[in-house]
Amino acid sequence: MLPTSVMNVDIKKIRVIEDESTIINKIIVGDCLEVMKSIKNDTFDMIFADPPYNMQLQNELYRPNNTKVDAVDDLWDQFDGFEHYDEFSKLWLQEAKRVLKKSGTIWVIGSYHNIFRVGKIMQDMGYWILNDVHWIKSNPMPNFRGVRFTNATETLVWAVKDKKVKDYTFNYEEMKTHNQGKQMRNDWYFGLCTGSERLRDEKNIKVHSTQKPLPLLERIILASTKKGDLVLDPFGGTGTTGVAAFKHERNFTMIEQDESYVDWSLKRFKSFQERLRGI
Ligand SMILES: C[S@@+](CC[C@H](N)C(=O)[O-])C[C@H]1O[C@@H](n2cnc3c(N)ncnc32)[C@H](O)[C@@H]1O
């Protein structure tokens, strides 16, 4: 059970950063490229980023029974080709590096569409990769047309700011306790976010096309942060990172450009806190 003080934290959205204290446990509405510029160097203990995938979907996708597949065709995922995507990635990764503490770590999740490009950019920028972790989905979407293998994985790159960093947080022993006492490996099995965890609107439509499963974020937080640490998510979406951080008594700052997702994140926090208080 979380301490009462944590359960009563008032999670708020803001648009402007007035001083450093205002970013703690806040969701900032805005473009992370701009917002990060007003955050001082060496602020965050850990960064988790789930950036646009640049999926480049051209056509709508249908199942064999003619029902439409919920693909990631959102405006936030549209780029004018690889060059544009790479430029965007360089800009946010540069700012992320600046606001990450010297001993901090960064996690970036992506699919085959973007993770190789992001990984190369990170290495070119001097980030030092600690692991690539493979999220293996127990319930992936089939390849409906049967022209490729089922795409059942996403990759997480876990890195430090540069090769010299040795004093980053890795809760090795705690990870063993989540793995029957054995050293945890880099293949992680979690289902897609479904059921009551998945946010849906009044018409039962998914609020967000890529809401990540909470247990995945909980593992990341538990592995690479300490209680009281400050975690940044520059692409906050529905607030999964914040909820995972909050649940384990870490602090967070999330940035999200779409205010409707921010409002859904606030609702999500409210119902999470109500559940904790037994309301
Ligand atoms: C892959 S989704 C993140 C989903 C999130 N991890 C979750 O569990 O809900 C990427 C999010 O980044 C947001 N986004 C894209 N570009 C952005 C930018 N420049 N600044 C802030 N948010 C951005 C999109 O609106 C989208 O919600």
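**View 1. Helix H7 and its cover.** Helix H7, residues 240-247, is mostly covered, with seven of its eight residues buried; a buried residue has 20 or more other C-beta atoms within 10 Å of its own, the C-beta atoms being placed from the backbone. Helices (H or I, at least four residues) and strands (E, at least two) are DSSP runs numbered from the N terminus. The model is predicted: local features need pLDDT of at least 70, side-chain atom pairs count only at pLDDT 80 or more, and totals for chains, interfaces and linings use all residues. Residues are numbered from 1 along each chain as its sequence is written. The buried residues of H7 are Thr240, Thr241, Gly242, Val243, Ala244, Ala245 and Phe246. Their cover includes strands E2 (26-29), E3 (44-49), E8 (230-233) and E9, together with helices H6 (214-224) and H8 (259-276). After H7 comes Glu249, which has a positive phi near 60°.

**View 2. The open sheet.** Nine strands form an open sheet in the order E1-E2-E9-E8-E3-E4-E6-E5-E7, with mixed pairing; two strands pair if DSSP finds at least two bridges between them. At the edges are E1 (12-14) and E7 (187-190), each of which pairs on one side only. From one strand to the next, the twist averages 20°. E3 and E8 pair in the parallel sense over two bridges, and Leu232 in E8 is the bridge partner of Ile47. H7 packs on this sheet, touching E2, E3, E8 and E9, and its direction makes about 175° with that of E9. Such angles run from 0 to 180 degrees between N-to-C directions, with axes fitted to C-alpha atoms, for helices over the stretch in contact.

**View 3. The largest nonpolar core.** This core has 51 residues, and those with the most contacts inside it are Ile47, Ile106, Trp107 and Val231. A nonpolar core is a set of buried Ala, Val, Leu, Ile, Met, Phe, Trp, Tyr and Cys residues joined through C-beta atoms within 7 Å. Neighbours within four places in sequence aside, Trp107 is in contact (C-beta atoms, placed from the backbone, within 7 Å) with Phe48, Ala49, Leu156, Trp158 and Ile220.

**View 4. The shell around the ligand.** Of the 19 residues around the ligand (C-beta atom, placed from the backbone, within 6 Å), Asp50, Phe235, Gly237, Thr238 and Thr240 come nearest. Helix H2 (32-35) and strand E9 (251-256) each supply at least two residues of this shell.

Conventions. A residue is buried if 20 or more other C-beta atoms lie within 10 Å of its own, exposed if 12 or fewer, and partly exposed in between; C-beta atoms are placed from the backbone. Two residues are in contact if their C-beta atoms, placed from the backbone, lie within 7 Å.
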